Amino acid sequence: MKQSSLFTKTIKENLKDEESINAQLLIRGGFIDKLMAGVYSYLPLGFLVLKKIENIVREEMINISGQEVFLPALHPKENWEITNRWQQEENIMFKFKNQRGKDMGLGWTHEEIITPLVKKFVHSYKDLPVYVFQIQNKFRNELRAKSGLLRGREFIMKDLYSFHKDEKDLDNYHEKAKKAYFKIFDRCGIKKQTFLTYASGGAFSKYSHEFQTITPYGEDEIYLCEKCRLAINKEIIKESNYQCIQCKNKDLKIKKAIEVGNIFKLKDRFSKPFDLKFKDKNGEEKIIMMGCYGIGISRLMGAVVEVYHDDKGIIWPKNVSPYLLHLIRIEKDKEIINKTDKIYNDLQKEKIEVLYDDREDKTAGEKFSDADLIGIPYRVLLTKKTLEKECVEIKKRNEKKSKLIKIKDVIKFVKEISK
Ligand SMILES: [Zn+2]
């Protein structure tokens with residue numbers, strides 16, 4: 001992509017109406033734009049990041065046998081009345097009437113849609129287990145939406161629902177999902193900062209699990225056992241007697257964190273009201289056990305920025321960066337222009353993701369500070385000085401030192417770093 005043809009621009013100054021780091025940097029870098037509090041547009045650079053995170057999540061869900069669907073965002077009141085959540089969760093849902101006066105709402109979760117859907121197809125033990133997931137826009141009528149992508153009124157989520165013949169099968173899949181979640185956080189570059197966190201299980205289970213990513217400005221507080229690498233959330237710390245649930249260690253560290261995912265054993269909480277049953281081997285009818293597994297895709301993007309930035313801008317981990325390379329041209333010399341164009345074309349031919357700052361009306365200083373703000377992992381530069389040595393200068397976004405690589409070896413080098 002040539003930066004001269006990118007329709008968005010960066011913003012130099014700090015934004016007065018954004019409190020959170022993720023919104024500040026993502027808006028200033030030209031990744032997102034705020035339409036209103038908690039509602040953002042994804043611009044070309046931001047949409048690339050979003051798609052990368054989405055694809056990582058999708059691949060890992062397919063790896064644990066998830067089948068992808070796409071469910072409606074617009075829901076009839078009737079489905080939500082069956083589980084009593086139309087009234088119970090009054091304030092979470094955006095609700096309105098259609099032209100005929102029929103009540104409807106925008107989905108903030110999809111148990112009320114997926115359960116009756118699965119009921120249409122699953123009747124026998126032979127049909128189980130079933131794992132269905134989607135990546136969808138969800139809506140929450142938040143009172144306050146001030147944390148950028150961390151707490152949106154409209155946001156993007158992956159939610160997977162699992163259906164089982166018994167609790168044991170549900171437990172096994174729950175463990176599998178846990179592992180898949182850590183693979184996702186690993187691929188997104190935040191595994192080191194992310195901890196399995198015990199949370200309240202609500203009415204149907206002793207505990208549920210959250211995945212909390214530690215950052216200085218996280219909205220949640222967790223109590224971390226460094227020995228076991230697990231945490232307990234604020235809700236249940238009293239219940240656990242301020243001890244680690246696993247090793248009973250009392251030396252827990254209080255940390256600020258962002259919840260990036262959660263997994264729940266729903267058991268019969270939804271299958272019961274929808275009367276979702278199956279016939280077992282003996283022809284006996286049994287209730288289906290359910291689990292649900294959520295990850296905030298847009299929130300994950302915000303969390304990555306909260307973890308990886310400095311005072312100059314974002315520092316994208318390789319796997320979720322919009323591009324791998326930021327090729328920059330700062331000299332107007334004919335030979336430099338031609339040679340840099342050639343490097344760009346060669347990279348394009350090799351399908352290497354590169355943003356090429358070919359803008360004529362920007363100074364070197366402006367280009368470098370834009371590169372730091374946008375935060376692509378590797379900056380590549382060709383100047384008269386480097387050309388004398390038949391080299392380009394390559395600098396990592398998070399390192400001060402740069403190194404020279406022979407122009408003829410650039411593709412080889414890039415293939416090495418993209419592994
Ligand atoms: Zn412990």
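Is S162 buried or exposed? S162 is buried, because its relative accessible area is 0%; buried means under 20%, exposed over 50% and partly exposed in between, with a 1.4 Å probe and protein chains only.

This is a predicted model, in which local features need pLDDT of at least 70, side-chain atom pairs count only at pLDDT 80 or more, and totals for chains, interfaces and linings use all residues. Residues are numbered from 1 along each chain as its sequence is written, and side-chain values use heavy atoms, leaving out hydrogens and water.

S162 sits in strand β8, residues 154-164. Strands are DSSP runs (E, at least two residues) and helices likewise (H or I, at least four), numbered from the N terminus. The S162 side chain makes a polar contact with the side chain of H164 at 2.7 Å. A polar contact is a pair of N or O atoms within 3.5 Å; within protein, one must be able to donate a hydrogen and the other to accept it, and residues adjacent in sequence count only if both atoms are side-chain atoms.

Now the metal. C225, C228, C244 and C247 coordinate the zinc ion through their SG atoms, at 2.3 to 2.4 Å. Donors are N, O and S atoms within 2.8 Å of the metal (3.2 Å for Na, K and Ca); water is not among the atoms, so sites may look incomplete. The donor residues follow the spacing C-x2-C-x15-C-x2-C. C244 counts as buried because its relative accessibility is 1%. C247, at 33%, is partly exposed.

Last, a helix. The buried residues of α2 include L45, V49, I53 and I56. Just after α2, S65 takes a positive phi of about 70°.
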